[in-house]
Amino acid sequence: MADLTKIVEELSGLTVLEVAELVKSLEEKWGVSAAAPVAVAAVGGGAAPAAAAEEKTEFDVILTDAGANKISVIKEVRGVVPGLGLAEAKKLVESAPQKVKEGAKKEEAEEIKKKLEAAGAKVEIK
């Protein structure tokens, strides 16, 4: 087996043009292409920061505290959550912290928060 340290030292002394020429020679000799793996690595490396920078599009509205005016909060919860009866809305409000709405768009979540806070509740958006 060849001395790998010696090979690494030899390759480290090459210029960029010499490395490019070496790559071409190896591609021809072995019948492979080094361009595809390099392109995949570049795309993969560039995609991760872009995904991390994406803005969150779905939010959960969480009722953290009903406040002093529970009746108003129950009415607002019924208005926000379609098909919710009085008993279910009361149970949801009394068992805070609870999710009032899941997967809401940012504007909708802000509107729900505004309505519930106006009724006296404390609300978080996550």
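Student: What is the handedness of the crossing of H4 and H6?
Tutor: The crossing of H4 and H6 is right-handed, meaning that the near helix is turned clockwise from the far one by less than a right angle. One caution: this is a predicted model, where local features need pLDDT of at least 70, side-chain atom pairs count only at pLDDT 80 or more, and totals for chains, interfaces and linings use all residues. Residues are numbered from 1 along each chain as its sequence is written, and side-chain values use heavy atoms, with hydrogens and water left out.

Student: Which residues make the contact of H4 and H6?
Tutor: From H4 they are Val 73, Glu 76, Val 77 and Val 80, and from H6 they are Ile 112, Lys 115 and Leu 116. Contact here means heavy atoms within 4.5 Å. The set divides into 5 nonpolar, no polar and 2 charged residues. Ala, Val, Leu, Ile, Met, Phe, Trp, Tyr, Cys and Pro count as nonpolar, Asp, Glu, Lys and Arg as charged, and the others, Gly among them, as polar.

Student: And at what angle do H4 and H6 pack?
Tutor: Helix H4 (residues 70–80) and helix H6 (residues 106–118) pack at about 160°, with axes 8 Å apart. That makes H4 roughly antiparallel to H6. Angles under 35 degrees count as roughly parallel, over 145 as roughly antiparallel, 65 to 115 as roughly perpendicular and the rest as oblique. The axes are lines fitted to C-alpha atoms, for helices over the stretch in contact, and angles run from 0 to 180 degrees between N-to-C directions. Helices (H or I, at least four residues) and strands (E, at least two) are DSSP runs, numbered from the N terminus.

Student: How do the axes of H4 and H5 cross?
Tutor: Roughly at 120°, coming within 9 Å, where H5 covers residues 86–94. That makes H4 oblique to H5. H4 passes H5 in a right-handed crossing too.

Student: Switching to strands: in what order do they sit in the sheet?
Tutor: The order is S2-S1-S3, in an open sheet of 3 strands with antiparallel pairing. Two strands pair if DSSP finds at least two bridges between them. S2 (98–104) and S3 (122–125) each have a single partner strand, so one side of each is left without a neighbour in the sheet.

Student: How many bridges link S1 and S3?
Tutor: S1 (residues 59–65) pairs with S3 over 4 bridges. In S3, Val 123 is the bridge partner of Leu 63.
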